[in-house]
Amino acid sequence: MIPSLLPVFSRINLSFEKGEGAYLFGSDGRRYLDFASGIAVTALGHAHPHLVAALKAAAEKPWHLSNLYEIPEQKQLADRLVAHSFADTAFFCNSGAETLECGIKMVRKYHAARGQAQKYRMISIQGAFHGRTLATIAAGGQEKYLAGFGPKVDGFDQVAFGNLNELRAAITPETAGIMIEPVQGEGGVRANSADYLRALRQVADEFGLLLLFDEVQCGMGRTGTLFAYEQADVAPDVMALAKGLGGGFPVGACLASERAASGMTAGVHGTTFGGNPLAMSVANAVLDVMLAPGFLDHVTAISEKLRHGLTRIVAANPAVYDEVRGQGLLSGLRCVVPNGEVQTRLREHGLLTVAAGDNVVRLLPPLTIGDQEVTEALAAIEAVASAWVAQA
């Protein structure tokens with residue numbers, strides 16, 4: 001008999017009754033250090049006072065108006081994101097997959113509006129994860145997500161991670177753009193080099209393509225700058241944001257340059273719920289915190305402390321862990337032993353993490369963590385390794 005909840009998740013038998021900062025309090029009476037953050041969503045931790053106040057205030061005003069009318073909070077958020085990025089314009093929606101759909105459509109429309117409708121294909125990177133709609137699983141190209149869902153949506157060509165020659169060879173007269181996560185999350189926490197990202201910009205310009213960065217997971221302060229692309233000193237034409245943008249409230253944003261968005265005219269795209277006053281109020285509150293002086297400096301400093309500790313533990317426990325990956329507070333521990341079992345044992349030590357591809361355990365703490373939380377997490381990671389070695 002099928003359960004009332006569609007069984008598409010392998011849920012852990014654990015629920016939570018309260019959240020405070022980096023901690024969750026389980027129905028089992030235990031306290032857990034949350035280094036999963038709802039898969040990089042609760043970027044400011046749980047029950048952040050500024051976000052709670054913003055949501056309570058917004059709840060007393062109209063929740064939903066549709067985009068038939070002006071929504072001042074939406075204009076405010078767009079102005080702020082534009083002011084702090086490469087972009088000239090923003091479209092708000094509800095999720096990462098939806099913002100990627102907008103980005104893909106925008107790239108195709110750009111060329112169609114110039115009389116080049118034959119240019120519709122996107123080059124993406126093996127191991128990528130761009131969402132779970134039919135188009136975004138095709139963009140990711142991973143068989144485990146495509147299997148059983150009929151013909152793959154046409155228009156996506158995958159090339160090997162970091163292989164510029166293969167990417168150049170994949171360009172055809174039908175190619176419209178390149179889409180890439182500056183740091184792959186689900187694909188195994190693999191960071192693309194700054195040189196590679198800059199080379200993609202040059203290739204895009206050389207062939208008249210648009211460059212789309214998927215910063216759904218690695219954006220919004222996660223790597224130590226507001227957007228990961230800033231560290232490569234290169235700008236995309238289109239960028240997808242979600243996850244940390246709402247700090248737990250569902251919201252996504254597709255940012256674009258004026259040139260890239262030139263084909264997106266009234267009626268060609270839309271959303272019912274996207275950009276509603278509730279979401280916009282919370283996202284503005286998230287930006288209030290992230291743009292405050294010193295916030296991103298803290299992310300950089302605390303991530304260096306975490307990485308230093310992880311590097312030490314990996315070096316001391318080669319039978320359990322073999323590599324530290326990632327950038328900023330998007331970290332990964334590549335495991336020698338099964339990553340799912342490591343994740344379970346970490347949870348038994350009170351540390352919540354997320355599995356990723358290539359046998360990696362993802363560490364995605366709130367950006368607000370301090371020394372105490374890092375020390376506690378490192379102790380759990382080291383204890384799991386010690387116990388594993390002892391039982392071997």
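Predicted model: local features only at pLDDT ≥ 70, side-chain atom pairs only at ≥ 80, totals over all residues.
Is serine 281 buried or exposed? Serine 281 counts as buried, because its relative accessibility is 15% and the cut-off for buried is under 20%.

**The largest pocket**

- The largest pocket holds about 1800 Å³ of space.
- Its lining is made up of 50 residues, and those nearest the centre of the pocket are Phe9, Gly38, Ile39, Val354 and Arg362.
- Two or more lining residues come from each of these elements: helix H1 (37–40), helix H4 (96–112), helix H6 (143–146), helix H11 (339–348), strand E15 (351–352) and strand E16 (354–356).
- Helix H11 provides the largest share of this lining, namely four residues.
- Sorted by class, the lining of the largest pocket comprises 24 nonpolar, 16 polar and 10 charged residues.

**The second largest pocket**

- The volume of the second largest pocket is about 630 Å³.
- A total of 28 residues line the second largest pocket, with Gln74, Thr89, Ala90, Phe91 and Phe92 nearest its centre.
- Helix H3 (72–83), strand E4 (89–93) and helix H4 each contribute at least two residues to this lining.
- Helix H3 gives the most to the lining of the second largest pocket, with five residues.
- By class, the residues lining the second largest pocket are 14 nonpolar, 10 polar and four charged.

**Strand E7 and its partners**

- Strand E7 covers residues 175–180, and six of its six residues are buried.
- Strand E5 (residues 121–125) pairs with strand E7 in the parallel sense, over three bridges.
- Within this pairing, arginine 121 has threonine 175 of strand E7 as its bridge partner.
- Strand E7 also pairs in the parallel sense with strand E10 (residues 210–214), over four bridges.
- Here the bridge partner of methionine 179 is leucine 212, in strand E10.
- As a general point, side chains in a regular strand alternate between the two faces of the sheet.

**Cysteines**

- The number of disulfides in the model is zero.
- Cysteine 102 takes part in no disulfide, and the nearest cysteine sulfur, belonging to cysteine 254, is 3.7 Å away.
- Cysteine 102 is buried, because its relative accessible area is 1%.
- Cysteine 335 also counts as buried, because its relative accessibility is 2%.

**Serine 281**

- Serine 281 is located in helix H9, which spans residues 277–290.
- Leaving aside residues up to four places away in sequence, serine 281 touches Ala54, Ala58 and Glu73.

**Phenylalanine 207**

- Phenylalanine 207 belongs to helix H8, which runs over residues 194–207.
- Phenylalanine 207 counts as partly exposed, because its relative accessibility is 34% and the range for this class lies between 20% and 50%.
- When residues up to four places away in sequence are not counted, phenylalanine 207 touches Lys119, Arg168 and Ile171.
- The C-alpha atoms of phenylalanine 207 and glutamate 17 are separated by 53 Å, and these two residues are 190 residues apart along the chain.

Technical notes:
Residues numbered from 1 in each chain as written. Heavy atoms only, no water. 1 Å grid on protein atoms, 1.4 Å probe; cavity = no way out; pocket = protein on both sides within 12 Å on 5 of 7 lines; lining within 4 Å. Points joined across faces, edges and corners; volume = space filled by probe spheres on them. Nonpolar A, V, L, I, M, F, W, Y, C, P; charged D, E, K, R; others polar. Buried < 20%, exposed > 50% of the residue type's maximum accessible area, 1.4 Å probe, protein only. Contact = heavy atoms within 4.5 Å. Pairing = 2+ DSSP bridges. Disulfide = S-S within 2.5 Å.
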